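Trainee: Could you take one part of this model and walk me through it closely? I'd like to see how it is placed among its neighbours.

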Amino acid sequence: MRLCLCLVFLIGMLQPVWAATQVDWQDLIDRKVAAFEDPFASLSVSELRSLGTVIRLRENLAKPDLATEDRLQIEDRLKRLEAKLAVSGIDVDWLLSQRKTIGRKRAKAAMAGNSNLDGKEIAIPGYVIPVLDADSEMSTSGYLVPERGMCSHMPAPDPNQMIRYTLATEWQADSVYEPVRLTGTLSIRPTKQEITLLDGQIEMIAVFDMTVTRVTPLAEQEPVSTTRSFLDFLKSKSQQQEAPAIQ
């Protein structure tokens, strides 16, 4: 009887951990909103660069004070580039006409979160960017991103690939980009905040908000070579603003 009571007690203690759904970053995406045909996605890096050059050359041709010799050179280069793209089956005029439409769809997809995870207890691995509390050297909030260096050495991820977290535990990050697994309640609550990172102001836009009840440090095969001290990264705490909800 006593053994049974002990087992019941242990099961009750472990239940919150078991209840957390293990998710990956791709699980955060609203796949319905992200499922649209993007004609630019199939282009190679070289083709995208050529398309960008076409745009720039056309803009130069539109300048009223362009010298005749320069105009002839630009027109010649533009014709050769357009012909090269046409041989690859690329309709330049049609593609350029789709830029605004595809841009709007991409922006909408980047801000759309998986509603099935809203209010759910989840566990997700990533790298933390702690944010200092006002008038303190402690941190009870910050951001979780999929890869080390995002928002500093690398561009920021899409908003639905960033989680703003608030700690309901006494854990403190030892460094920026420390690898961890966060467990807690995930909510779709878009926020925007400006922080100082790598001596520069960075705007952090996150679709998700998470109340963290458990932090599990993760070991990595490679040593963290790009990590600087927490205070070095976030020394301008007076310039940090509390993240308001995006309406």
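**A close look at helix H6**

Mentor: Happy to! Helix H6, residues 99-110, has twelve residues and reaches 16 Å from its first C-alpha to its last, close to the 16 Å expected at 1.5 Å a residue (that is, 1.5 Å times one less than the number of residues; helices, H or I of at least four residues, and strands, E of at least two, are DSSP runs numbered from the N terminus). The model is predicted, so local features need pLDDT of at least 70 and side-chain atom pairs pLDDT 80 or more, while totals for chains, interfaces and linings use all residues. Numbering starts from 1 along each chain as its sequence is written, and side-chain values use heavy atoms, leaving out hydrogens and water.

In H6, Ile102, Ala109 and Ala110 are buried (under 20% relative accessible area with a 1.4 Å probe, protein chains only; exposed is over 50%, partly exposed in between). Down the axis of H6, these buried residues fall within an arc of 95°, so they line one face of the helix (the arc is taken from the directions from axis to C-beta atoms). Turned away from that buried side, H6 carries the exposed residues Lys100, Arg104 and Lys108. The cover over the buried residues of H6 includes helix H2 (31-34) and strand E6 (200-217), where contact means heavy atoms within 4.5 Å.
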